[in-house]
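Student: Please show me the model, and then let us go through it by question and answer.

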Amino acid sequence: MAAHSLIKGIGGSITRDITPNVAVVTSIAPAHVLKYGSLKDLAKGKSKILDGMSPGSYAVLNRDMPYYEIFEQKANALKLNIFTFGTHPESFVRMPVLVNGGEFSFIGKTYKMTIFKQRFVSIDNFDNLSAD
């Protein structure tokens, strides 16, 4: 469920009635700024999805989104495991813009992708990807 769906109309912790083990935040965007006043306030509002999660749960965060640090600080304070993705060099799963022969990193290893006629994708050493 999207964070903006959970936040709507709730003044406190959006996880007070449920205790998720995983929360995923894919982005924040200006579309909801009018309700919050600023993109920073929107990030603070969306970060409430982490409230009420048990220590050791997982926060999956887009490392490229504006005000990522707000989510990171809250996740650290709540002792959540942080799993990041995006094009940022410090992303756990780093996926730059791919072109034919593009590369991406996963857990410190680099993999090469090849796109065949825009229909099939080959990932070199894919078997090793799932084994690690």
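Tutor: One term first: buried means under 20% relative accessible area, exposed over 50%, and partly exposed in between (1.4 Å probe, protein chains only). This is a predicted model, in which local features need pLDDT of at least 70 and side-chain atom pairs count only at pLDDT 80 or more, while totals for chains, interfaces and linings use all residues. Residues are numbered from 1 along each chain as its sequence is written, and side-chain values use heavy atoms, with hydrogens and water left out.

Student: Is Tyr 58 buried, partly exposed or exposed?
Tutor: Tyr 58 belongs to strand β2, residues 58–62. Strands (E, at least two residues) and helices (H or I, at least four) are DSSP runs numbered from the N terminus. The relative accessibility of Tyr 58 is 42%, so Tyr 58 counts as partly exposed.

Student: Which residues make the nonpolar surface patch, and what is its area?
Tutor: Patches take residues with over 30% relative accessible area and no salt bridge; like charges are joined within 9 Å, and nonpolar side chains (Val, Leu, Ile, Met, Phe, Trp, Tyr) within 5 Å. Accessible areas come from the Shrake-Rupley method with a 1.4 Å probe, and for residues only the protein chains shown count as cover. The patch consists of Val 22, Val 24 and Tyr 58, and its area is about 260 Å².

Student: Which residues form the uncovered face of β1?
Tutor: In a regular strand the side chains alternate between the two faces of the sheet. In β1, Ala 23 and Val 25 are on the covered face. The uncovered face holds Val 22 and Val 24.

Student: Do β1 and β2 run parallel or antiparallel, and how many bridges join them?
Tutor: Two strands pair if DSSP finds at least two bridges between them. Val 24 stands opposite Val 60 in β2. The strands β1 and β2 run parallel, and the bridges that join them number four.

Student: What is the order of elements along the protein chain?
Tutor: The secondary structure comprises five helices and seven strands. From the N terminus on, the order is α-β-α-α-β-α-β-β-β-β-β-α.

Student: Which residues are in contact with Leu 80, leaving aside its neighbours within four places in sequence?
Tutor: Contact means heavy atoms within 4.5 Å. With those neighbours left out, the partners of Leu 80 are Leu 50, Met 53, Ser 54, Pro 55, Gly 56, Ser 57, Ala 59 and Ala 75.

Student: Which residue forms a salt bridge with Asp 51?
Tutor: A salt bridge is a side-chain nitrogen of Lys or Arg within 4 Å of a carboxyl oxygen of Asp or Glu, and this rule gives a count of two. Asp 51 is buried, because its relative accessible area is 19%. In this pair the closest N and O atoms are 3.0 Å apart, and the partner of Asp 51 is Lys 74. The pair links distant parts of the chain, 23 residues apart: Asp 51 is in the loop between α3 (39–46) and β2, and Lys 74 is in helix α4.

Student: How far apart in sequence are the parts that Glu 90 and Arg 63 tie together?
Tutor: Arg 63, at 13% relative accessibility, counts as buried, whereas Glu 90, at 59%, counts as exposed. Their side chains meet in a salt bridge of 3.4 Å, N to O. Glu 90 lies in the loop between β3 and β4 (93–94) and Arg 63 in the loop between β2 and α4, so the separation of the tied parts is 27 residues.

Student: What is the phi of Lys 79?
Tutor: Most residues other than glycine have a negative phi. Lys 79 lies in the loop between α4 and β3 (81–86), and at 61% relative accessibility counts as exposed. Although Lys 79 is not a glycine, its phi is positive, about 60°.
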